[in-house]
Amino acid sequence: MNEKPALLLLPNLLGEHRHHELFLPNSVDRAVSTIDGLIAESDSGGRRFLSHFETKIPQNRIPIALLNEHTHEEDYDFLLEPIRNGQRWGLVSDAGLPCIADPGSKLVWRARQLGIVIQAFVGPSSITLALMLSGFSGQRFIFHGYLDKDFENRVEQIKQMETFAQEEKYTQIFIEAPYRNKHLLESLLNTLSEHTLLCVCWDLTLQTQGILSQSVMNWKKSPLPNLEKKNAIFLIAG
């Protein structure tokens, strides 16, 4: 593998797995074996990621820099400085793929402005996995991230997404914090029309994985899944 200075966008596992080889290609093992440091959302998350791989220096000596919602844009040049000085650093996200529902995109944009070589590696994405498993159209879709925390604003967003799904045929995809999953599901079932299609996927790639994809009418007739403390993806189709 070319070991020139670069920012490596590394895929992560979507949950706790003993054998990462089931979900990450060999190219990721080779890439991690070349890095001098890692940019991660947390030190613990970064160390957990590194624990799956062989590294060129002891894992406890690999520096980890933090990039999360608390990172200021004026810190991006500091994060990228080691690469400009000739090193190879990885960027990893708790969400599966860097820059997808993740703050890494701004760092990549800054790296492009500075002329830094960027390499991306394939791996699991809960968003695309959910779309594949839902049975909904993957020709046109929109990912909204998190919906508004305010109840009335959230209901209005749901109505707008439903209209767009029905009239424009765009699959609508969004997420919620695990502790608010139950409230979001209740809002969806109370707001969407009975013939609208709703899919919920949770714990993707884990043994507890679940997918329920059906009309709102059938959702109301079925026992609701327990989504407490689970990472879930929600999808709406017309």
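## Exercises on a predicted model

Directly after helix H5, Gly135 adopts a positive phi of about 85 degrees; helices (H or I, at least four residues) and strands (E, at least two) are DSSP runs, numbered from the N terminus. The model is predicted, and local features need pLDDT of at least 70, side-chain atom pairs count only at pLDDT 80 or more, while totals for chains, interfaces and linings use all residues. Residues are numbered from 1 along each chain as its sequence is written, and side-chain values use heavy atoms, with hydrogens and water left out.

**Exercise 1. Find the buried residues of H5, and explain why they line one face of the helix.**

Step one is to list the residues of H5 that are buried (under 20% relative accessible area, where exposed is over 50% and partly exposed lies in between, with a 1.4 Å probe and protein chains only): they are Ser126, Ile127, Ala130, Leu131 and Ser134. Step two is to look down the axis of H5, where these buried residues fall within an arc of 135 degrees, so they line one face of the helix; the arc is that of the directions from the helix axis to the C-beta atoms. As a general rule, an α-helix has 3.6 residues a turn, so residues three or four places apart point the same way. Step three is to see what this face meets: the buried residues of H5 pack against S6, strand S7 (171-175), S8, strand S9 (210-215) and S10, where contact means heavy atoms within 4.5 Å.

**Exercise 2. Describe the largest nonpolar core and the place of Leu188 in it.**

Begin with the term: a nonpolar core is a set of buried Ala, Val, Leu, Ile, Met, Phe, Trp, Tyr and Cys residues joined through side-chain atoms within 4.5 Å. The largest one has 19 residues, and Leu188 is among those with the most contacts inside it, as are Phe174 and Phe234. At least two residues of this core come from each of helix H6 (151-168), helix H7 (181-191), strand S8 (197-202), helix H8 (216-221) and strand S10 (232-237), and H7 contributes the most, with four residues.

**Exercise 3. Determine whether Ser187 is buried or exposed, and name its contacts.**

First place the residue: Ser187 lies in helix H7. Next take its relative accessible area, which is 5%, so Ser187 is buried. Finally, leaving aside neighbours within four places in sequence, Ser187 is in contact with Phe151, Arg154 and Ile158.
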